[in-house]
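Subject: Structure handover

Hello,

Here is the structure I said I would pass on. My notes on it follow below.

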Amino acid sequence: MEARVIEFANVLRRNGIRVSLSENMDAFRALELLGIADPLLFRNALRTTLVKRTGDVKPFEELFDYFFLGIGQALDALDRKIMDELGLTPEQFQEMLEQIQKLLKEMEGDLSELTKALLQNNRGELERLLRQAMEQEMQNGTPESLRHTPYTRMMMRLQLDRVQSEIERFKGMLQMLGETGEDLQNVMRYLDERMRDLNRLLREIIQQEQRKQGAEPRDYSQRSALADKSFSFYTEDDIRRMNDAVARLAQRLKNRLSVRRKKAARGRFNVKETLRKNLQYGGVPFDIQLDRRKKTKPQVMVLCDISDSVLNASRFMLQFVYSVQDLYSKVRSFVFVADIGEVTKLFEEHEISTAVEKALKGDVIDVFSHSNFGRAFEQFHRNFFPAITTKTTVLIIGDGRNNYNRPSDWVLREIKRKAKQLIWLNPESRMTWGIGDSEMPRYAPHCHIAEECRSINQLYKIVDLIAP
Amino acid sequence: MFQSVDEVISGLAKEKYLCNKNVATVVYLGTSLEKPLLVEGPAGVGKTELGKVLADSLGLELIRLQCYEGLDEAKALYEWEYAKQLLYTQILKDKIGEILQGAKTLQEAVDHVANQDGVFFSDRFLLPRPLLRALLSEKRVVLLIDEIDKSDAEFEAFLLEILSDFQITVPEIGTLKAKHIPLVVLTSNNSREMSDALKRRCLHLYLDFPDPEREKEIIKLKVPGVGNKLADEVVRLLHRLRKLDLKKTPSISETLDWVRALTLLNINELDNELVEQTLSTLMKYEADVRKAHQELKAFLAEKQAQQPSAGGSEKDHLH
């Protein structure tokens with residue numbers, strides 16, 4: 001049993017769950033105490049000692065099933081399915097199996113072990129044969145071989161074509177015997193179904209093995225690949241995973257700021273506080289009290305270009321800014337293509353992801369027009385410029401492709417003069433700035449910071465810039 | 001101490017705390033292996049309560065340390081009682097004079113004083129805070145470290161020595177070892193991820209909202225006067241509410257408050273205006289209350305749709 005538990009811990013590790021040696025030992029101590037008779041207690045003992053992250057509980061449960069229950073569950077499900085289809089009670093099903101067993105004995109010629117196990121529904125034997133084949137395959141092949149055509153190779157190893165022909169032969173024999181009626185029909189259907197079941201089981205066992213080996217990349221490794229992928233190539237699936245990454249990023253920033261806030265507790269000597277505090281030491285100033293520097297929370301204004309080309313970058317930026325909005329005294333957000341519209345209220349009323357979707361869908365402005373930065377900037381200046389104060393960070397996300405319209409870069413100059421910071425994030429590569437209708441060379445000098453922001457890794461870096 | 005998992009269940013049930021086998025197994029392992037329990041889960045599912053109840057059911061003293069940002073050793077572990085030390089020096093001035101009498105040089109005087117400084121840095125002047133109290137206690141205690149996620153990373157690192165070896169190092173005195181290993185329960189709302197080092201030393205327990213049946217049992221246990229029908233409806237409504245996208249999901253403790261309010265108002269089933277007015281005990285945000293109102297209406301409408309037939313048959317019965 002110990003070997004099994006150690007092996008299981010290795011399986012967990014391969015799947016990205018950190019299990020240390022001391023935790024492994026805890027698991028043994030727990031099992032010593034509880035015994036291994038009760039499956040529920042066994043599972044609980046392993047879970048509480050080996051898994052320490054709430055997010056890891058679900059993978060643990062899955063892997064536990066794969067590892068300790070094997071294909072038992074799959075077999076149960078298949079049995080139920082057959083009984084349903086044939087309309088048999090468990091007793092009738094059993095009867096039919098016995099009948100088949102008798103017929104198998106009468107059959108001439110040797111049958112392969114696998115066929116026998118399959119048709120007699122001998123579950124232990126079936127699982128043993130499949131596992132054995134799997135193990136041989138693993139020993140011969142490299143770990144990669146699991147990823148490439150494992151199914152075909154398993155099929156050859158198990159000689160599925162032989163099983164198939166044997167079943168056909170068996171069916172032929174049944175017809176020769178001349179039995180008729182519903183029973184025969186049922187048996188025939190059972191045989192057909194069994195062959196399909198074998199395929200299903202094979203698939204199941206390959207999947208389980210892949211999970212155990214960690215061959216199937218788990219979310220986190222995909223996420224790291226995602227980190228360098230450009231926003232513009234994101235698929236729906238990527239976006240969903242990206243949302244997680246952004247949430248994590250926000251959390252990380254919050255954590256770090258809470259530490260930084262404490263370190264910032266330097267300030268001027270506070271006479272009154274010091275006297276009061278040191279009364280307990282007879283007025284000897286052991287414990288110097290300093291004024292805590294009051295932290296002013298900055299305001300943020302986000303201007304997002306939501307034309308198709310930069311949609312994803314805008315989406316993540318909006319989402320990010322709103323996930324950390326309690327770090328700011330006020331977050332106002334605007335979206336623009338040719339016209340600019342404020343979406344702050346959307347975020348107050350809806351949950352972040354819905355609000356982002358609503359903001360991008362064109363409820364506020366016409367998203368099908370052509371980008372016109374100049375016009376959007378002018379509108380912004382007219383309507384919202386007074387709201388900018390010396391504490392405001394203005395964040396613009398856009399590619400600066402102005403369709404040869406009037407650039408109106410004077411607005412940026414004005415903003416830079418008034419705001420605390422003006423940051424431009426461009427989802428286009430720096431190489432292409434200024435080529436074609438890109439007005440970046442004109443806009444960039446007016447910004448405190450103008451950076452390219454094409455992937456989550458770059459987003460990570462930029463977070464440091466806009467952190468209050 | 002508990003002898004088996006079932007004993008944990010019955011022991012906690014005696015203190016009016018219902019738990020399932022998962023929870024009981026972890027508690028049992030924690031008490032038997034003398035490992036700290038790290039309890040995580042949403043707010044209001046009974047994490048802190050678990051610590052308290054554990055102490056009650058084992059008849060042990062509970063020492064509680066509430067964590068917050070900026071909590072440091074002086075408040076969690078020990079502090080020197082400067083005032084007392086100062087006072088003692090004042091009173092003992094003559095005695096100190098005596099000690100110094102024989103000294104001819106300054107060097108000698110300092111040596112004389114140095115020989116005595118153990119007096120001033122002894123247990124006598126040590127003001128124990130929760131952690132030290134738990135370690136030095138004459139009997140075994142339950143140490144509840146509440147909302148550990150609110151504390152700083154430094155404090156978490158500082159806890160490691162206590163959690164793994166149950167000892168603490170005070171520079172002036174040396175290492176103090178626990179007389180009895182306390183049962184430690186740490187709770188966390190997961191507002192930040194705890195370090196791996198800390199997690200490694202603990203058994204992990206994730207507490208979630210209970211299933212409807214169990215929640216009903218909890219309500220009946222905690223609010224004795226509640227009717228079966230009301231409890232049933234409340235639980236059904238709550239499980240619907242928890243599925244909504246709310247700023248703050250109603251917890252078990254809030255549910256209990258609400259049921260108490262309803263029973264006080266003599267309400268036996270969810271159907272009238274009073275119910276709507278008491279929703280504020282359940283929901284803590286205006287936007288949430290609005291959403292809950294809609295859900296409540298839908299819930300009542302569904303209930304009504306089912307009822308006429310039932311009511312009709314009852315009438316027939318009477319005739």
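R382(A) lies in helix 18 of chain A, which covers residues 373-384. The model is a predicted one, and everything here should be read with that in mind. R382(A) counts as exposed because it has 11 C-beta neighbours inside 10 Å, and a residue with 12 or fewer falls in that class. Between R382(A) and V411(A), 29 residues apart along the chain, the C-alpha to C-alpha separation is 9.7 Å.

Helix 1 of chain B spans residues 5-14, and its buried residues are V5(B), V8(B), I9(B), G11(B) and L12(B). These buried residues pack against helix 2 and helix 3 (47-58) of chain B, and also against helix 3 (39-50) of chain A. Just after helix 1 of chain B comes K16(B), with a positive phi of about 60°.

How do helix 1 and helix 2 of chain B cross? Their axes come within 8 Å, at an angle of roughly 105°. Helix 1 of chain B is therefore roughly perpendicular to helix 2 of chain B, since angles of 65 to 115 degrees are classed that way. On the helix 1 side of chain B, the residues that meet helix 2 are V5(B), V8(B) and I9(B); their counterparts in helix 2 of chain B are K21(B), A24(B), T25(B), V27(B) and Y28(B). By type, the residues of this contact are 6 nonpolar, 1 polar and 1 charged.

Last, the cores. The largest nonpolar core has 69 residues, and the members that touch the most others are L37(B), L143(B), V185(B), L186(B) and L205(B). Neighbours within four places in sequence aside, V185(B) is in contact with L37(B), V39(B), L50(B), G51(B), L54(B), V142(B) and L144(B). There is also a second, separate core of 57 residues, with V246(A), A355(A), I396(A) and A450(A) among them.

Regards

Terms used:
Residues numbered from 1 in each chain as written. Chains lettered and ligands numbered in written order. Predicted model: local features only at pLDDT ≥ 70, side-chain atom pairs only at ≥ 80, totals over all residues. Core = buried A, V, L, I, M, F, W, Y, C linked by C-beta atoms within 7 Å. Buried ≥ 20, exposed ≤ 12 C-beta atoms within 10 Å, placed from the backbone. Contact = placed C-beta atoms within 7 Å. Helix = DSSP H or I, 4+ residues; strand = E, 2+ residues; numbered from the N terminus. Axes fitted to C-alpha atoms, helices over the stretch in contact; angles between N-to-C directions. Parallel < 35°, antiparallel > 145°, perpendicular 65-115°, else oblique. Nonpolar A, V, L, I, M, F, W, Y, C, P; charged D, E, K, R; others polar.
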